[in-house]
Amino acid sequence: MSFDQKEIFSLMYKLARLIVPDTRVEYDSMGAMHIPLDRMYGPQTLRSLIKFPIGGVEERMPRPLIKAMGIVKKAAAETNKINCLEEKLCDAISKACDDVISGKLYEEEHFPLVIWQDGCGEHTNMNVNEVICNRAIEILGGQVGTKEPVDPDEHVNLSQCSHDTFNTAARIAVAMQLQEKMYPSLRTFIDLLAKKSSDWRDVVKIGRTHLMDAVPLSLGQEFSGYQQQLVNGRTRLDSALCRLYQLPMGGSMVGTKVNTTQRFSEQCIKRIADLTFLPFVESPNFFESMSACDALVELHGELNTIAASVMKIVNDVRFLASGPRNGFGELSLPEIEPGCAIMPGVVKPSQCEALTMICAQVMGNQVAVSMGASSGHFQLNTFVPMIASNVLRSITLLGDGMKSFCSHCLEGLEPNKSRIETIMKHSLMLVTALSPHIGYERSAAIAMAAHQNGTTLEQEALNAGIEREDYKEWVQPSKMLGPAN
């Protein structure tokens, strides 16, 4: 830009300020836009904001995704510094990216766009480019909005396309949120279940199948089953992560790496791995990674499985704690809140209810993720913003929900031993222990008589001629917890 052109631009800038106060004028290929002076974004962001007024603040692009975009742009700038871009510009862009990664610029409302936009995330890609560009100009002492000496397309977006950058950022955001939200909560949940299983290994209770009484097991054995469900879920999640770590960064428009430099993809992804401390690698096939979202579908499928496991576990806890006198009542919930408005003293399973609602939401998200991934066409999936936001929401909800449940319910959960003993004493299914000694038919007759007469199994066994000493020897619930010696 010559000196005369700079003067002309300065004059236009001042005139625009007079026409629309507290704004600056920025240009894109469609013309001029008046940008609020306190915003770092540019014309393409403002156009999206105007044309896609869908939902409120809660529908904005998730913060973890914006952070991931900052990581992508920083890695790209540092890679371009090696290959083709002036060092001073790369350093300024990299420093601007740090403000995106830290969340400083997110909190200042510079990323206002919603999820419901261009299906490859191009609007958000340009939003990030514009913010980083203007912040870099500010760092270099230039005038925000001038695209001098940093340009959002030519410099910030160099060797990139929204198709590969947003897809890459989605995977980075999900992987990072799993480490921050999901894995710590899973670990806590598994450890607490293991502790309960160990502490309660000698608490013998009645089992239930088909919602009917069954043979005994220990409360510890019951909780060991819950523990194994979540251990299996974590193992499945680990496996799915291996595919998620394969990034298409540098694939450009369709996966051919057009308009990039030699080794850009390899070097950029290595830098992303260094910045995130996660084992990201190049995708073995960029055409698969950019045209499909199978890695995200698989991973959310494992979240869906964990949600199904958690729903089963939490519902069991809720039912086993029902009562206190007219339900199962085998578990006692910690008292963490006042009772019902018209029933003082009721201990509600509110933590269970919150977590089961979360599980239902995750299952709903699974439908949206599956539909989005299956609806991509040819070399690009145009549902990535919706898919990524749903996966991130499921991670946040499940992670926070499990953490809350563990802290405010599971940790303080205790067995009601007297109630467990009473139910055990009146169970007719202990008759299973008689069968090896007196035969199936005779045992069944004794159980049926006890049921019809409203008596105990022991009483009807004595009526049937079995000696009390034999009954005591044969029917011992604690000896029914495993195979016979």
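The model is predicted, so local features need pLDDT of at least 70, side-chain atom pairs count only at pLDDT 80 or more, and totals for chains, interfaces and linings use all residues. Residues are numbered from 1 along each chain as its sequence is written, and side-chain values use heavy atoms, with hydrogens and water left out.

**View 1. Arg47 pairs with Asp28.** The two form a salt bridge (a side-chain nitrogen of Lys or Arg within 4 Å of a carboxyl oxygen of Asp or Glu). Their closest N and O atoms are 2.8 Å apart. Arg47 sits in helix H2 (residues 43–51), Asp28 in strand S1 (residues 23–28). Helices (H or I, at least four residues) and strands (E, at least two) are DSSP runs, numbered from the N terminus. Asp28 is buried, at 17% relative accessible area. Buried means under 20%, exposed over 50%, partly exposed in between (1.4 Å probe, protein chains only).

**View 2. Lys74 meets Asp98.** This salt bridge spans 3.0 Å, N to O. Lys74 belongs to helix H3 (residues 63–83) and Asp98 to helix H4 (residues 87–102), so the pair ties together parts 24 residues apart in sequence. Lys74 is buried, at 8%. Asp98 is partly exposed, at 33%. Both residues join Glu78 and Arg271 in a network of salt bridges.

**View 3. Asp400 bridges to Lys181.** The closest N and O atoms are 3.0 Å apart. Helix H14 (residues 384–410) holds Asp400, and helix H8 (residues 162–199) holds Lys181. The pair ties together parts 219 residues apart in sequence. Asp400 is partly exposed, at 35%.
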